[in-house]
Each structure stands twice: as C-alpha cells, then as structure tokens.
Amino acid sequence: MSKKYLIMDVDTGCDDSMALMLAAAQENFEILALTCTFGNNEVEKTTYNTLKVAQALGIDAPVASGAKRPLIDPPMDFSGGLGIAIHGADGLGNVGDTLKEPVKEKSRLVAADLMAKAIKEAPEKVTIIATGPLTNVATFLVSYPELQDKIEQIAIMGGAAYSGNMRFYAEANVGHDPEAAQIVFMSGVKKAVFGLDATMGVFITDEEREEMAKAGGETGTFLKNCLEPYAATYRRLANYPGAVLHDSLPVAWLIDESVADMHDAYIEIDLNGIQTRGCTVADFIGITGKPVNAKMAMSADRKKVIDMHIEAVKKFADRKVLK
C-alpha cells in the first residue's frame with residue numbers, strides 16, 4: 001500500500017482518541033503533526049490531552065496548540081453543557097488522569113505554522129484529517145495559500161446534510177465556527193466530508209468496548225473507560241446502543257474507502273440564518289448550478305469500522321500507558 005502522510009487537527013476528547021489510535025496503528029500512515037483546537041474543551045486542555053494520548057500510542061509527531069476561539073463568534077463556555085457531559089470534565093471521560101503524564105512538551109509553533117512546516121517538509125502531498133472546529137485549518141489556508149497544492153485532501157468530520165446536534169440543522173464542529181468552515185469549503189482543496197448522516201451510524205456497543213479492552217491491554221482498557229460517559233450520555237438522551245465514533249470515520253475511510261457511501265456535492269455554510277446559522281447546505285443534484293466541491297458520506301458500514309478498531313488496538317496491547 002502507498003504511504004499516506006497525515007496531519008491530524010483534533011480537539012482531543014474521547015472519539016478523537018479512538019481516531020488517533022486507529023491512525024497510529026496503520027503501517028502505511030505517517031503522522032507528521034498533531035494540531036489542536038478548542039471544541040470538546042478549551043484548547044489548553046485538548047492540547048494536554050493530545051500530548052497524553054499521543055504518548056500512549058507512541059505517536060512521535062510534534063503537537064501544537066492552536067485556536068482558542070472561533071474567528072468571529074464569542075469564545076465558547078466550557079463550564080458545562082453537552083460537550084462536557086459527553087467527554088467528561090477532563091475531555092477524556094474523566095479517566096485522563098489514569099494515563100502517564102506526557103514527557104514531551106508542545107511545539108513552540110502555533111497550529112497553522114506547524115501545519116505549514118510539516119507540509120513544506122513532507123516528501124509527498126499531505127492529507128489533513130480535521131475532527132474539530134475548522135479554525136486552525138482555515139487559518140492555515142488563508143495564511144499559506146502557496147501550500148494548497150501540496151495538500152492531497154482534507155478529510156473532515158463535520159457537518160450534516162439532513163440533521164444537527166448543536167441547533168436545528170447545525171453540527172457542532174461546523175457550527176462552532178461557521179466562518180472557518182466556509183473558508184475551508186470555498187477553498188480549492190479537495191474535500192471528503194463525514195457528517196452526522198454517516199457518523200451517527202458508527203457506534204460501538206458495550207460488548208464491543210469490552211472486546212476492545214480484552215484485545216488492547218492497558219490501551220484498550222483506557223479507551224473502553226474513556227468512552228463510558230460518552231455511551232451513557234447517548235443512552236440517556238437518545239436511547240442509543242453505544243458511543244458514537246464520529247471522528248474515526250474519516251480515518252477508516254482513508255484505510256478502506258468501502259466503509260462509507262460517498263456522494264458528490266456542492267457544499268457551503270449558512271452564515272446568516274436565524275435558526276440555521278452553521279448549517280451545512282449540501283446540493284447533491286445541481287440545483288444551485290454551482291460546481292461540486294466535496295464528496296460527502298451519507299452512510300457507513302458500522303461493523304467494518306468497529307472491526308478495524310478492535311484489530312488496530314491489538315497493536316498496542318503490550319504498551320504500559322497507565323500510571
């Protein structure tokens with residue numbers, strides 16, 4: 001298999017941790033940099049979590065802190081709300097303190113500058129996987145337009161064609177910074193989008209989490225426990241059968257494109273709607289007359305994605321990651 005060079009832009013909470021594990025397990029993936037944004041928690045905490053999880057998984061890439069707030073909207077309140085309920089107060093299911101303290105410090109570069117450095121130095125084109133608000137990615141695209149030709153594609157966990165989880169039709173990663181998302185979607189870079197239409201089908205049951213824990217040693221046990229508040233929140237709010245691994249789907253698709261049913265679309269972001277600000281407006285049939293600018297996943301093969309994780313976690317079974 002040909003090598004894939006990756007930058008992962010994350011707001012490390014529970015499903016980001018699963019996505020990082022899945023990517024780190026792939027022999028043909030080289031993670032060049034990890035960049036961190038606000039989203040599941042404040043950026044200082046998501047950066048700290050990323051350093052911890054990267055160390056646990058043996059990811060030796062530099063980690064940079066990035067956006068603290070949206071480009072235009074007021075800063076987010078991280079004192080409570082659904083994001084804290086799902087990911088825990090520490091962003092890692094309230095079990096982050098069971099991981100060893102990170103030895104490596106974050107990069108002196110900010111996220112956009114580390115992206116630029118990694119892309120300039122990469123031997124081939126780079127894929128950016130974005131699993132949080134798109135503020136860092138938008139900042140990079142505006143700051144370094146000359147590097148866009150060195151991006152293979154941007155694989156985005158965000159948006160929704162027909163639903164929302166933040167307001168009526170706004171998904172959180174897009175809705176937390178609609179202007180940044182619009183900048184990314186209006187760029188000429190190739191984009192693959194994995195929104196709620198597909199990711200809500202990618203849940204891991206309690207039984208599968210137990211299987212992951214047995215297969216993955218301390219790493220599997222940490223990930224299983226990390227996902228417990230996540231699963232409990234989905235059960236309580238929607239009687240859902242498991243924790244939803246939103247952020248893993250773009251990684252899984254880069255491993256095997258058959259895991260998602262992709263459709264060509266023209267996508268833009270509603271910036272002005274009273275009830276629909278942050279909505280991902282997806283035109284699949286050409287009604288706008290505007291050219292296709294993305295592929296969007298509309299469904300996913302849940303079993304195949306979960307099996308990937310259980311197989312991947314075996315590669316970390318011998319690592320001693322807990323205090």
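This is a predicted model: local features need pLDDT of at least 70, side-chain atom pairs count only at pLDDT 80 or more; totals for chains, interfaces and linings use all residues.

Is Cys36 buried or exposed? And how does strand 6 sit among its neighbours?

Reply: Cys36 is buried, because its relative accessibility is 0%. Its closest cysteine sulfur belongs to Cys226, 15 Å away. A disulfide needs the two sulfurs within 2.5 Å, so that gap is too far for a bond. The disulfide count is zero. Cys279 is also a buried cysteine, at 12% relative accessible area.

Now strand 6. This strand covers residues 191-194. Lys191 and Val193 point one way, while Ala192 and Phe194 point the other way. In a regular strand, side chains alternate between the two faces of the sheet. All four of these residues are buried.

Strand 6 pairs with strand 5 (residues 151-157). The two run parallel, joined by four bridges.

Next, the cores. Phe194 belongs to the largest nonpolar core, which has 65 residues. Phe194 is among those with the most contacts inside it, along with Met8 and Leu227. Helix 1 (residues 14-24) gives the most to this core, seven residues. Val193 sits in a second, separate core of 39 residues, which also includes Val126, Ala130 and Val189. Nonpolar side chains tend to be buried together in soluble globular proteins.

Conventions:
Residues are numbered from 1 along each chain as its sequence is written. Side-chain values use heavy atoms; hydrogens and water are left out. A nonpolar core is a set of buried Ala, Val, Leu, Ile, Met, Phe, Trp, Tyr and Cys residues joined through side-chain atoms within 4.5 Å. Buried means under 20% relative accessible area, exposed over 50%, partly exposed in between (1.4 Å probe, protein chains only). Two strands pair if DSSP finds at least two bridges between them.
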